[in-house]
Amino acid sequence: MLEKRTVIDVQEAINRCIIYATEMPTTEVELEKSLGYYLAEDIIASYDIPMFDKSPYDGYAVRSAATAGASGDNRVAFKSIDHIGAGSVSDKTLSHNEAVRIMTGAPIPSGADAVVMLEQTVATEEGFTLRKSFTSGENISKQGEECKKGDVILTSGTLITPGVIAVLATFSYQQVAVRKRPSVALIATGSELAEADAELTPGKIRNSNGPMIAGLLNEMHIQTESYRVTEDHFEHLLSIVQQALSKHDIVITTGGVSVGDFDFMPAIYKAIEADVLFNKVAMRPGSVTTVAVKDEQMLFGLSGNPSACYSGFELFTKPVIKKMLGAKHVHAPVMEAELSEDFTKANPFTRFIRAELDIVNRTVRPAGFNKSNAVVAIAKSNSMIILPGGTRGFQNGDTVKVMLTRLTDQGQSW
Ligand SMILES: Nc1nc2c(c(=O)[nH]1)N[C@H]1C(S)=C(S)[C@@H](COP(=O)(O)OP(=O)(O)OC[C@H]3O[C@@H](n4cnc5c(N)ncnc54)[C@H](O)[C@@H]3O)O[C@H]1N2
Ligand code: MOO
Ligand SMILES: [Mg+2]
């Protein structure tokens with residue numbers, strides 16, 4: 001008898017996944033290898049930045065009082081008593097009308113309280129003259145002007161970007177606390193799948209889901225082990241799923257989650273006694289996406305149809321992995337944009353459309369042929385339009401919600 005499934009709302013399905021996902025244990029990684037992890041601790045300034053008053057220019061450090069009254073008709077002369085570059089400290093103390101020739105980044109010598117840029121000086125035998133007065137503190141980068149010792153600079157859960165690495169390096173981190181990355185097993189199911197080097201005999205197709213999901217995981221720096229499934233055969237698939245569960249934190253399958261005679265995933269969840277969080281979602285595509293849990297592990301049964309498979313990963317798997325990694329923000333950003341063409345189909349359920357968002361002009365349109373089995377639209381998309389269930393007839397110019405999935409390949413000269 002055909003199994004009866006209970007349909008749930010997509011937000012509820014996402015919530016169930018997030019509630020179940022648990023953060024991975026913390027570990028330390030070397031700074032150079034930390035890109036893409038999330039901070040597992042707050043980063044607190046261990047010293048002031050800048051650490052000392054320093055020169056922002058190549059020039060001369062002077063006592064501002066000595067520049068009083070300087071003008072074009074009354075150039076004031078200074079004697080240079082020392083010469084330092086960044087990394088060196090002058091041991092001299094300036095007296096009136098003395099100066100230290102100082103390069104950008106070098107500490108301000110004692111007695112000095114202003115810096116004159118080289119361009120503002122005329123060289124003399126002994127040093128230079130200038131034609132303008134300076135105020136105390138002029139052209140000095142003050143100690144602690146960016147941050148003070150003890151300030152919370154970055155909080156736990158922040159994605160480690162190159163900028164974050166710069167901050168960590170600034171504060172002498174060689175190792176940083178992060179959460180371990182989950183290891184993921186990837187199993188593309190389907191007797192019809194011919195591996196890249198195999199002949200495409202009648203009825204066979206290429207496995208596009210496997211490489212696509214591996215790519216999505218790679219983008220998150222997640223190690224993936226792909227398992228080869230040669231046919232839709234219950235015992236064969238069961239043994240591969242069990243093998244995957246014995247080694248990995250997450251098991252992702254593609255295909256075989258619907259009600260077809262060769263869709264074995266529902267039976268496999270039963271056989272391994274996994275709890276199914278949901279197996280029917282009020283959304284298109286990906287309505288049969290199934291998420292199950294077995295002890296601490298999560299199994300994502302993504303749909304075989306490529307667009308459904310992709311959407312299932314973006315909606316359910318990605319936020320779960322982000323939560324496991326300790327991310328502060330697990331969801332993709334959603335913004336509003338203006339539809340730039342009509343979309344007349346009815347939407348009995350929440351519809352996700354692989355879309356091309358013009359972020360600059362805030363307009364969006366479907367990325368071409370957009371059925372559940374579409375693959376090209378995935379490649380052309382940088383976002384997904386979200387149309388609420390129970391609606392129809394969206395027109396050019398209507399405002400719609402758009403989930404940002406990737407925006408890396410847009411640009412314009414300015
Ligand atoms: N009677 C019903 N039939 C179907 C239903 C339903 O509710 N009742 N749901 C439909 C929906 S919606 C979808 S989506 C699919 C989901 O199917 P499965 O997840 O079981 O996936 P498969 O049957 O294995 O394959 C579906 C489709 O996708 C192709 N495929 C599979 N794997 C790959 C891959 N790795 N790379 C590229 N393409 C792949 C496969 O050849 C099929 O064409 O079920 C509907 N049917
Ligand atoms: O899951 Mo299916 O993709 O709703 O078409
Ligand atoms: Mg099927």
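What follows is a dialogue on reading the ligand sites and some backbone features of a predicted model.

Colleague: Which residues lie closest to ligand 1, and how many surround it?

Modeller: A residue counts as near a molecule if one of its heavy atoms lies within 4 Å of it. Here, 22 residues surround ligand 1, and the closest are Glu-192, Asn-207, Ser-258, Ser-303 and Gly-304.

Colleague: How many of the residues in that shell are nonpolar, polar or charged?

Modeller: The shell around ligand 1 has 13 polar residues, 5 nonpolar ones and 4 charged ones.

Colleague: What polar contacts does ligand 1 have with Asn-207, Asn-209 and Asn-305?

Modeller: A polar contact is a pair of N or O atoms within 3.5 Å. For Asn-207, a polar side-chain atom lies 2.9 Å from a nitrogen atom of ligand 1. Asn-209 uses its backbone: an N or O atom there is 3.3 Å from a nitrogen atom of the ligand. With Asn-305, a polar backbone atom lies 3.3 Å from an oxygen atom of ligand 1. On its own, ligand 1 has 870 Å² of accessible area, and the protein covers 68% of that.

Colleague: Which pocket holds ligand 1?

Modeller: Ligand 1 sits in the second largest pocket.

Colleague: Which residues are around ligand 2?

Modeller: Ligand 2 has around it Arg-284, Pro-285, Gly-286, Ser-287, Val-288, Ser-303, Ala-308 and Ser-372. By class, that shell holds 3 nonpolar, 4 polar and 1 charged residues.

Colleague: Where are the polar atoms of Arg-284, Ser-287 and Ser-372 relative to ligand 2?

Modeller: A polar side-chain atom of Ser-372 lies 2.5 Å from an oxygen atom of ligand 2. The contact from Ser-287 comes from a polar backbone atom, 2.7 Å from an oxygen atom of the ligand. Arg-284 places a polar side-chain atom 3.1 Å from an oxygen atom of ligand 2.

Colleague: What coordinates the magnesium ion, ligand 3?

Modeller: Water is not among the atoms, so sites may look incomplete. In this model the magnesium ion is coordinated by Asp-263 (OD) and Asp-263 (OD), at 2.4 Å. Asp-263 belongs to the loop between β15 (250–254) and α5 (265–271).

Colleague: Which peptide bonds are cis?

Modeller: Most peptide bonds are trans. Among the cis cases here is the bond from Arg-284 to Pro-285, with omega near -10°. Pro-285, one of the residues around ligand 2, is in the loop between β17 (283–284) and β18 (290–294). Another cis bond joins Ile-49 and Pro-50, where omega is about -10°. Pro-50 is in the loop between β2 (43–44) and β3 (59–62).

Colleague: Is phi of Ser-172 positive or negative?

Modeller: Most residues other than glycine have a negative phi. Ser-172 has a positive phi, near 70°. Ser-172 is located in the loop between α2 (162–170) and β10 (175–179).

Definitions and conventions. Residues are numbered from 1 along each chain as its sequence is written. Chains are lettered from A and ligands numbered from 1 in the order in which they are written. This is a predicted model: local features need pLDDT of at least 70, side-chain atom pairs count only at pLDDT 80 or more; totals for chains, interfaces and linings use all residues. Side-chain values use heavy atoms; hydrogens and water are left out. A polar contact is a pair of N or O atoms within 3.5 Å; within protein, one must be able to donate a hydrogen and the other to accept it, and residues adjacent in sequence count only if both atoms are side-chain atoms. Accessible areas come from the Shrake-Rupley method with a 1.4 Å probe; for residues, only the protein chains shown count as cover. On a 1 Å grid over the protein atoms alone, a cavity is a set of points where a 1.4 Å probe fits but cannot get out, and a pocket is an open set with protein on both sides within 12 Å along at least five of seven lines; lining residues have an atom within 4 Å of a point. A molecule sits in a cavity or pocket if more than half of its atoms lie within 2 Å of its grid points. Ala, Val, Leu, Ile, Met, Phe, Trp, Tyr, Cys and Pro count as nonpolar, Asp, Glu, Lys and Arg as charged, and the others, Gly among them, as polar. Donors are N, O and S atoms within 2.8 Å of the metal (3.2 Å for Na, K and Ca); water is not among the atoms, so sites may look incomplete. Helices (H or I, at least four residues) and strands (E, at least two) are DSSP runs, numbered from the N terminus.
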